[in-house]
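Student: I have a structure to read and would like to know where its labels come from. Please set each label against its definition.

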Amino acid sequence: MSWTPEKIELLTSLWNQGWTTARIGEELGVGKNAVVGKAHRLGLPKRPSPIQRRAEEAEQKKAPAPKQQTKGISIFDLGAGMCRWPFGDPGDEDFHFCGKKIVPSKPYCDEHCAQAYLNGKNPREDNPPAHQGAGGKGPQAAAKK
Ligand SMILES: [Zn+2]
């Protein structure tokens, strides 16, 4: 088999896309070794071997993820006068409460009172406002037009 410019181009492109040498060989109808040899002769950049890649991934997993510090407070810290709006699911490690100053006689802060109201809104209160009539003009004003 000869390396036509088209095949070399395909090899280069597939190589750069990260295809395995075996897959590229299949695509081009040549053996894996021919692909490796040709890539070497073409001076294509060496790709990390799968083993190296796995090591890198493991390294990344080991790196500590930036832990999000919870700004809220736990149920143990929740006192009187503090917003008890929950964040997350109970049982979650970062489950916490809002803890802001509550609106007097309400269990939540301003913001969460508004949210609670929206969520618990009675659909029947959603009726569109009554249509404005002709106002003070009356039917005569409309008829003049
Ligand atoms: Zn709140």
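Student: How many helices and strands are there in the protein chain?

Tutor: There are six helices and two strands. Helices are DSSP runs of H or I with at least four residues, strands are DSSP runs of E with at least two, and both are numbered from the N terminus. Along the sequence they follow the pattern α-α-α-α-β-β-α-α. This is a predicted model, in which local features need pLDDT of at least 70, side-chain atom pairs count only at pLDDT 80 or more, and totals for chains, interfaces and linings use all residues. Residues are numbered from 1 along each chain as its sequence is written.

Student: Why does Ile24 count as buried?

Tutor: A residue is buried if 20 or more other C-beta atoms lie within 10 Å of its own, exposed if 12 or fewer, and partly exposed in between, with C-beta atoms placed from the backbone. Ile24 has 23 C-beta neighbours inside 10 Å, so Ile24 counts as buried. Ile24 lies in helix 2.

Student: What makes Ser105 exposed?

Tutor: Ser105 has 5 other C-beta atoms within 10 Å, and therefore Ser105 is exposed. Ser105 sits in the loop between strand 2 (96–97) and helix 5 (110–119). Its phi is near 70°, a positive value in a residue other than glycine.

Student: What percentage of the protein chain counts as buried?

Tutor: Of its 145 residues, 11% count as buried.

Student: Which residues is Ile24 in contact with, leaving aside its neighbours within four places in sequence?

Tutor: They are Leu11, Leu14, Trp15, Trp19 and Val35. Two residues are in contact if their C-beta atoms, placed from the backbone, lie within 7 Å.

Student: Which residues of helix 2 are buried?

Tutor: Thr21, Ile24, Gly25 and Leu28 are the buried residues of helix 2. They cover an arc of only 105° around the axis, so they are on the same side of helix 2. The arc is that of the directions from the helix axis to the C-beta atoms. What covers these buried residues includes helix 1 and helix 3. Just after helix 2, Gly29 has a positive phi of about 75°.

Student: Which residues are buried in helix 3?

Tutor: In helix 3 (residues 32–42), Val35, Lys38 and Ala39 are buried. Their arc around the axis is only 100°, which puts them on the same side of helix 3. On the other side, Asn33, His40 and Arg41 are exposed. The buried residues of helix 3 pack against helix 1 (5–16) and helix 2 (21–28).

Student: At what angle do helix 1 and helix 3 pack?

Tutor: They pack at an angle of about 90°, with their axes 11 Å apart. That makes helix 1 roughly perpendicular to helix 3. Axes are lines fitted to C-alpha atoms, for helices over the stretch in contact, and angles run from 0 to 180 degrees between N-to-C directions. Angles under 35 degrees count as roughly parallel, over 145 as roughly antiparallel, 65 to 115 as roughly perpendicular and the rest as oblique. The contact is made by Ile8, Leu11, Thr12 and Trp15 of helix 1 and Val35, Lys38, Ala39 and Leu42 of helix 3.

Student: Why are helix 2 and helix 3 roughly perpendicular to each other?

Tutor: Their axes come within 8 Å and cross at roughly 100°. Helix 2 and helix 3 are therefore roughly perpendicular to each other. Thr21, Ala22, Ile24, Gly25 and Leu28 of helix 2 meet Lys32, Ala34, Val35 and Val36 of helix 3 in this contact.

Student: Which residues form the largest nonpolar core?

Tutor: The six residues are Cys83, Trp85, Phe97, Cys98, Ile102 and Tyr108. A nonpolar core is a set of buried Ala, Val, Leu, Ile, Met, Phe, Trp, Tyr and Cys residues joined through C-beta atoms within 7 Å.
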